[in-house]
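Keep the picture handy as you read.

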Amino acid sequence: MSSVLSEVADGFPLYTETLDLLPYGRDCSVVPPGRAGLAAQPASAEDVIALLARARRERLPVYVRGGGTMYAGGANPAAGGLVIDVSRMNRVLELDLERGVVVVEPGIRFADLLARLAGHGQTVGIVPSTGPAATVGGALAAHALGTGSARHQSMGDCVAGLEVILADGTRLRTGSAACSDAGFFQRYCLGPDLTGLFIGADGVFGVVTAIALWLHPLPATRETCVLGFLDAAAASAFVVAAQASELTRNLWYAACYEGGSIRARVAAARPEVDAASLPGFCIGLDLGGDADEVARDRARLAALAARHGGTDFPLFDEIYFRTLRYDENYWYTYAGYFSRSRCAILMTSLPSARLADFCAAVDAQRRRFPEFVWASAAVLCRRGLHGGVLAFYDERTQWDAMRAAIAAAIPDLRAAGCVPYKSGKLFAEEVRATGAYFDVLQRLKAALDPEGRMAPGNLGLGEGGL
Ligand SMILES: Cc1cc2nc3c(=O)[nH]c(=O)nc-3n(C[C@H](O)[C@H](O)[C@H](O)COP(=O)(O)OP(=O)(O)OC[C@H]3O[C@@H](n4cnc5c(N)ncnc54)[C@H](O)[C@@H]3O)c2cc1C
């Protein structure tokens, strides 16, 4: 059956038919789907302003959707209403190579942006592994991490300024661009950092319509290597020392692999290798920069690893890590998982010294819920780690059990020193339990969106959650 375009209002598509609204019910999470009453695909900030005026007239809740790849239910229209799908707002508005800034509309996908920038020898600071599908606006509103985290930490650290449309239609520009005669975005300028209010905000304060990102030159040289350790505790000590010495500045990506993953991947690729000879834990490093800097940092990282019992583990680089990074199939390995089963993801933030506790917490979930396949992904940041817990399940038969398992895993992760990262509706209760922080969020919400129109349920503001 072909898609039915219900209406074209003010020049942009508006969907009201059940069939057309189906894709707008949910993202990639275990958070219950919602039912949108209508969905629109605006092409400009002016269209967004018109849509928000309509939402006010008709008293509709409003949710914003980018690529819909988030694993915390942020785009799920828990209270129904209007979904603003920004996928048609996908232009590069400005590329200023002299200032090192690119200004984009929120619906541009990372793969498209990177392809545009590569022609100029440039890239952006953070790229999530969902690059072909995820939008820059979604990544901003969901605290993206991944490639670039070892150098820059998180998406929010790479933003020079924003344009946002608030619930009442106010068009706000942040940083230097707040000054009406400013022709450029610079993050810090007048008073406090209002840009930060919209980063990781899951659309609760407004619709982001333009994002200025700092540019970075593509590295002249790239090189991968893998360091093997006895266990997570030894690897953790190495990571702490590497971050303290700022040896992550030429790392484009670095990720940790548990013993189980190592054994499984080696057994698949090289069945003749004795599993007992393999390290209990390893870290894959993707270095990039000038050749001499890369060579120097690689040698320093190897020497630091040796102090913690670490050694080169070229086999894992050869059979897995190098291919993952150079073929950029890291974008697709996750998509591959999805074609076979669904994956629930809990993303956390933790001090590097707690890596072993994080791994033990994931192990505890494995023992507690053996019906699911559990995996972990700890990504190095400039400081600290992002620890992701992945649980694969059969969506048709295990949806409720998976939701219960995810809810049960949260306290264990907390006890292991991990805090929720990315909020949406998945961590609504955890946001509500933050005391003064949640109190201030509520006050900001009351000031900027007194009718509670924007994304009810996200960040624990309004109804809806796991
Ligand atoms: C298998 C898998 C792997 C993943 N790997 C990573 C990873 O490596 N790193 C990572 O960071 N994430 C990862 N994610 C999560 C997800 O891909 C990212 O969070 C991504 O950045 C979300 O982008 P999106 O365009 O799909 O956003 P959406 O899911 O559409 O939206 C995310 C949130 O942002 C809000 N939003 C979207 N656009 C706007 C806007 N213009 N204005 C205001 N609010 C807006 C939405 O309402 C929602 O709350 C992964 C997800 C999956 C399923």
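To sort residues by class, count Ala, Val, Leu, Ile, Met, Phe, Trp, Tyr, Cys and Pro as nonpolar, Asp, Glu, Lys and Arg as charged, and the others, Gly among them, as polar. What you see is a predicted model, where local features need pLDDT of at least 70, side-chain atom pairs count only at pLDDT 80 or more, and totals for chains, interfaces and linings use all residues. Residues are numbered from 1 along each chain as its sequence is written, and side-chain values use heavy atoms, with hydrogens and water left out.

Start with the big picture. The chain splits into domain 1 (14-87), domain 2 (90-217), domain 3 (221-420) and domain 4 (428-454), with bounds from an automatic or database domain assignment. Between the C-alpha centres of domain 3 and domain 4 there are 34 Å.

Now for the gaps. On a 1 Å grid over the protein atoms alone, a cavity is a set of points where a 1.4 Å probe fits but cannot get out, while a pocket is an open set with protein on both sides within 12 Å along at least five of seven lines; lining residues have an atom within 4 Å of a point. Points are joined across faces, edges and corners, and a volume is the space filled by probe spheres set on them. There are four cavities of 30 Å³ or more.

The largest cavity takes up about 40 Å³. Its lining includes Leu346, Ile410 and Phe427, and by class it has seven nonpolar, one polar and one charged residues. Helix 13 gives the largest share of that lining, three residues. Helices here (H or I, at least four residues) and strands (E, at least two) are DSSP runs, numbered from the N terminus.

What about the second largest pocket? How much space lies in it? About 520 Å³. Of the 24 residues that line this pocket, the closest to its centre are His143, Gly200, Ser423, Tyr437 and Leu459. Helix 15 supplies the largest share of the lining, four residues. Sorted by class, the pocket's lining has 14 nonpolar, seven polar and three charged residues.
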